[in-house]
Amino acid sequence: MRSLKLIIINALTLIIGLGLMSGSVSQRNAEAARFETIPSIQVNRLGNLRGQYLTVLYAVGSRPFISTDASQINISQVKESRTVYVTSDAVTLPAVQVEKEGFRPSYNIVVFVVSPQSNYSWVNADGSVPQGISATGNHMSSSISSINKTDVDSFITAQGENAVLNVNLN
């Protein structure tokens with residue numbers, strides 16, 4: 001009887017131990033999936049904007065249903081931003097990793113803003129500043145354009161994460 005109890009206790013310990021180990025492995029996999037990679041982006045048609053600054057906002061935002069004007073985008077949160085000096089007709093930005101937050105999207109829009117100054121900050125039409133961006137006095141823009149996450153996802157599906165996504169500014 002004593003050896004039967006010992007066998008049962010050892011078997012339960014083994015089962016619980018294996019369950020805990022497999023749980024820690026699945027948590028590591030979930031941890032690795034907390035970031036989403038946005039491929040390298042080449043922004044074209046910048047020739048007339050040389051000497052200015054291109055700011056790219058990887059953001060969570062929405063567009064009004066009626067307007068097609070890119071400046072009417074309402075951004076609630078900027079996940080990442082990159083600013084580069086425009087010296088030629090095309091600028092290539094490196095790949096970016098954006099952190100996911102639970103069930104919220106990591107981003108759903110990529111906004112391209114060309115400004116005469118480097119410290120550009122987005123301000124929504126209602127005057128609010130999105131979370132994740134520093135407020136500055138520079139809201140001047142020479143050009144604003146955007147692409148949706150679905151465009152990026154379609155590109156990744158067709159070309160892979162290591163390819164360079166080409167975006168033409170209007």
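**Close-up views of a predicted model**

**View 1. V110 and its neighbours.** Leaving aside residues up to four places away in sequence, V110 touches I41, V56, L57, Y58, S145, S146 and I147, where contact means heavy atoms within 4.5 Å. This is a predicted model, so local features need pLDDT of at least 70 and side-chain atom pairs count only at pLDDT 80 or more, while totals for chains, interfaces and linings use all residues. Residues are numbered from 1 along each chain as its sequence is written, and side-chain values use heavy atoms, with hydrogens and water left out.

**View 2. The largest nonpolar core.** Here we look at a set of buried Ala, Val, Leu, Ile, Met, Phe, Trp, Tyr and Cys residues joined through side-chain atoms within 4.5 Å. Buried means under 20% relative accessible area, exposed over 50%, and partly exposed in between (1.4 Å probe, protein chains only). The largest core has 24 residues, and I41, V43, L46, L54, Y58, V110 and F112 touch the most other members. Among the elements giving it two or more residues are strand 2 (41-44), strand 3 (53-62) and helix 2 (149-159). Helices (H or I, at least four residues) and strands (E, at least two) are DSSP runs, numbered from the N terminus. A second, separate core of 11 residues includes L57, I73, I75 and I109. In soluble globular proteins, nonpolar side chains tend to be buried together.

**View 3. Strand 9 up close.** Strand 2 and strand 9 run in the parallel sense, paired over four bridges. I41 stands opposite L165 in strand 9, and N44 has N168 as its bridge partner there. On strand 9, L165 and V167 make up the covered face, while N166 and N168 make up the uncovered one. In a regular strand the side chains alternate between the two faces of the sheet.

**View 4. The loop between strand 2 and strand 3.** R45 lies in this loop, and has a positive phi of about 65° although it is not a glycine. R45 is exposed, with a relative accessible area of 53%. N48 also has its place in the loop between strand 2 and strand 3, and is exposed at 80% relative accessible area. C-alpha to C-alpha, N48 and V86 are 9.8 Å apart in space, though 38 residues apart in sequence.

Terms used:
Pairing = 2+ DSSP bridges.
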